[in-house]
Amino acid sequence: MSLQQAMEICPAVAILRSASAARYTDVTDVLVDAGIRAVEFTFTAPDVADAIRSYAARKPTEVALGAGTVLTPEQAREAVDAGATYLISPAVCLDVIEEANRLGVPVLPGAATPTEILTAWRAGAAMVKVFPASALGGPAYLKAIRGPLPDIPLVPTGGVDVDNAGAYLRAGAVAVGVGSPLVADACEPGGDLDALAQRARTLVAGVGGTRKASPAGRA
């Protein structure tokens, strides 16, 4: 499943970040069972490529698996080789955007200002990750950005949680990225997967579950 298709079903990307990716598969299984359809394995874990490869080999067809915190073209190639079908970065890394386009996978660079957002879009971003969303002003900031830049699909991330995710969508986001407020300790040894399941169900309900409108963006 493509990222756009996943967002049509549930407009939220779950972000998995930990010192180790050992539990990423178990955590993803819980998220998918709850209705999440797009998951991001971040490159802050040294074993993330192995985790991507392992999950990609058994991934349900209705799940889009991406790599996050991609900062270099080398990481982009490593992620795609392992099975990632989209890439996310915390910044406007033009070389990563170029490499993603060469590899034929969507890339969502992180951007904070209108200039950065427009630069990322013109460079070939599929969508733009507005980061860190809460520190920039939350849904009100996103709504203000949508005024002069209505045609750029925005995915606010950073401080988005299970309670305010819907507000970002109402402000014009095509989807949201949700990390620690959703995942909490689930990726750590002994982390509470039952609590994760409850938060994930709350998030899915908060973003409206299935949506009929397709997110705008480059394939």
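This is a predicted model: local features need pLDDT of at least 70, side-chain atom pairs count only at pLDDT 80 or more; totals for chains, interfaces and linings use all residues.
User: How is the aromatic pair of Phe41 and Tyr55 classed?

Analyst: A search through the whole structure turns up two aromatic pairs. In the pair of Phe41 and Tyr55, the centres are 6.1 Å apart, with 50° between the planes. Stacked needs under 30 degrees and edge-to-face needs over 60, and the rest is tilted. So the pair of Phe41 and Tyr55 comes out as tilted.

User: How many residues apart are Phe41 and Tyr55?

Analyst: Phe41 sits in strand S2 (residues 38-42), and Tyr55 belongs to helix H3 (residues 48-58). The pair thus ties together distant parts of the chain, at a separation of 14 residues.

User: Which residues do the ring pairs link into a cluster?

Analyst: Phe41 is buried, at a relative accessible area of 0%, and Tyr55 is buried too, at 0%. Ring pairs join them up with a further tyrosine. The cluster is made of Phe41, Tyr55 and Tyr24.

User: How do H3 and H4 run, roughly parallel or roughly antiparallel?

Analyst: H3 and helix H4 (residues 73-82) have axes 8 Å apart and pack at about 25°. Ala49, Ile52, Arg53 and Ala56 of H3 make the contact with Glu78, Ala79 and Ala82 of H4. Angles under 35 degrees count as one class, so H3 and H4 are roughly parallel.

User: What handedness does the crossing of H5 and H6 have?

Analyst: Helix H5 (residues 94-103) and helix H6 (residues 114-123) have axes that come within 10 Å and cross at roughly 30°. Leu94, Ile97 and Asn101 of H5 meet Thr119, Ala120 and Ala123 of H6. As H5 passes H6, the crossing is right-handed.

User: What is omega for the cis peptide bond between Phe131 and Pro132?

Analyst: Most peptide bonds are trans. Pro132 lies in the loop between strand S7 (128-130) and helix H7 (133-136). The cis bond joining Phe131 to Pro132 has an omega of about -5°.

User: What is the relative accessible area of Thr69, which has a positive phi?

Analyst: Most residues other than glycine have a negative phi. Thr69 isn't a glycine, yet its phi is about 55°. Thr69 is in the loop between strand S3 (64-68) and H4. It counts as buried, and its relative accessible area is 14%.

Definitions and conventions:
Residues are numbered from 1 along each chain as its sequence is written. Side-chain values use heavy atoms; hydrogens and water are left out. Rings of Phe, Tyr and Trp (its six-membered ring) pair if their centres lie within 6.5 Å; planes under 30 degrees apart count as stacked, over 60 as edge-to-face and the rest as tilted. Helices (H or I, at least four residues) and strands (E, at least two) are DSSP runs, numbered from the N terminus. Buried means under 20% relative accessible area, exposed over 50%, partly exposed in between (1.4 Å probe, protein chains only). Axes are lines fitted to C-alpha atoms, for helices over the stretch in contact, and angles run from 0 to 180 degrees between N-to-C directions. A crossing is left-handed if the near helix is turned anticlockwise from the far one by less than a right angle, and right-handed if clockwise. Contact means heavy atoms within 4.5 Å. Angles under 35 degrees count as roughly parallel, over 145 as roughly antiparallel, 65 to 115 as roughly perpendicular and the rest as oblique.
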